[in-house]
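This report describes a protein model together with its ligand. Please keep the sequence and the structure in view while reading.

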Amino acid sequence: MAIPRKKFVAGNWKMNMTSSEVSPYLEVFRLETEGINNVDIAIIPPFTALAKASEILGGTQKIRLGAQNMSPEVKGAYTGEISATMLRDLFIRYVLVGHSERRRLFGETDELVHRKVVTALASELRPILCVGETLEERQAGQEKAILEAQLSGALTGLTTDQLEEIVIAYEPVWAIGTGLTATPAQAQEAHHFIRDYLATDSGLEIAAKTRILYGGSVTADNARELLFQPDIDGALVGGASLDPRSFAEIVAAAVPTE
Ligand code: PGA
């Protein structure tokens with residue numbers, strides 16, 4: 001029997017929004033999502049806005065918090081880094097790991113991504129592992145090989161209990177911030193491939209349970225069609241999550257119909 005996967009919509013603010021913008025944002029967003037209870041929601045503000053968001057949300061289950069990055073180290077002389085313990089201290093539940101902007105602009109390798117996944121899990125933070133191919137890789141027909149390399153690089157050696165905590169986000173690099181969304185069929189094909197990979201590598205139960213989010217130019221207009229593909233379990237939203245009303249519309253688009 002198929003295990004139902006609850007939809008999950010997360011908003012990655014990237015390097016936008018100050019601490020003083022958090023309260024007006026949340027006021028509108030909470031109002032707009034008031035009646036929605038059957039979608040998991042997370043917002044992922046920059047580090048400097050996390051404390052404020054945490055204070056306002058007060059550990060509520062309804063809107064969870066995520067961080068955009070985290071050190072692979074536990075503590076110590078790592079100037080400028082933020083540890084998993086510091087995030088847990090603010091009631092943060094999720095952490096983005098391996099976002100393509102971190103891989104591309106900050107040189108994060110699969111090996112570093114793996115270390116971050118392990119450190120996050122050890123502190124009971126749930127990693128949202130981002131994977132996805134560039135346009136050149138897709139044009140060269142390598143997208144599946146790239147996904148496989150990123151998945152195996154990040155997940156190798158994890159136990160079943162650890163794998164159960166992981167959320168995966170498929171984010172084709174060519175669709176991020178470009179206004180070019182993958183078609184629902186393209187996204188579904190990649191998600192299906194990721195689920196197949198999990199089935200082979202980690203077993204059918206993990207494959208059936210793991211939520212795989214789509215990210216890349218998701219808007220209120222295209223969300224519904226993407227979100228109801230069989231292997232798409234939610235969305236990781238960048239630009240459109242900066243406006244609380246459009247982000248709330250995307251959350252509403254994830255509400256199951258029946
Ligand atoms: P976008 O970003 O929605 O602005 O394309 C998605 C992401 O990078 O998570």
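## Basis of the model

This is a predicted model, in which local features need pLDDT of at least 70 and side-chain atom pairs count only at pLDDT 80 or more, whereas totals for chains, interfaces and linings use all residues. Residues are numbered from 1 along each chain as its sequence is written, and side-chain values use heavy atoms, with hydrogens and water left out.

Strand S7 (residues 212-215) and strand S8 (residues 234-237) run parallel and are joined by two bridges, and Gly-215 has Leu-236 as its bridge partner in S8.

## Aromatic pair

The structure holds five aromatic pairs, counted when ring centres of Phe, Tyr or Trp (its six-membered ring) lie within 6.5 Å, with planes under 30 degrees apart called stacked, over 60 edge-to-face and the rest tilted. One of them, Tyr-170 with Tyr-214, is tilted, at 6.4 Å centre to centre and 55° between the planes. Because Tyr-170 lies in strand S6 (residues 167-170) and Tyr-214 in strand S7, the pair ties together parts that are 44 residues apart in sequence.

## Ligand site

Of the 13 residues around the ligand (a heavy atom within 4 Å), Lys-14, His-99, Glu-171, Gly-177 and Ser-217 come nearest. A backbone N or O atom of Ser-217 lies 2.7 Å from a ligand oxygen atom, and for Gly-238 the corresponding distance to an oxygen atom of the ligand is 2.8 Å.

Methods. Polar contact = N/O pair within 3.5 Å; in protein donor to acceptor, adjacent residues only side chain to side chain. Pairing = 2+ DSSP bridges. Helix = DSSP H or I, 4+ residues; strand = E, 2+ residues; numbered from the N terminus.
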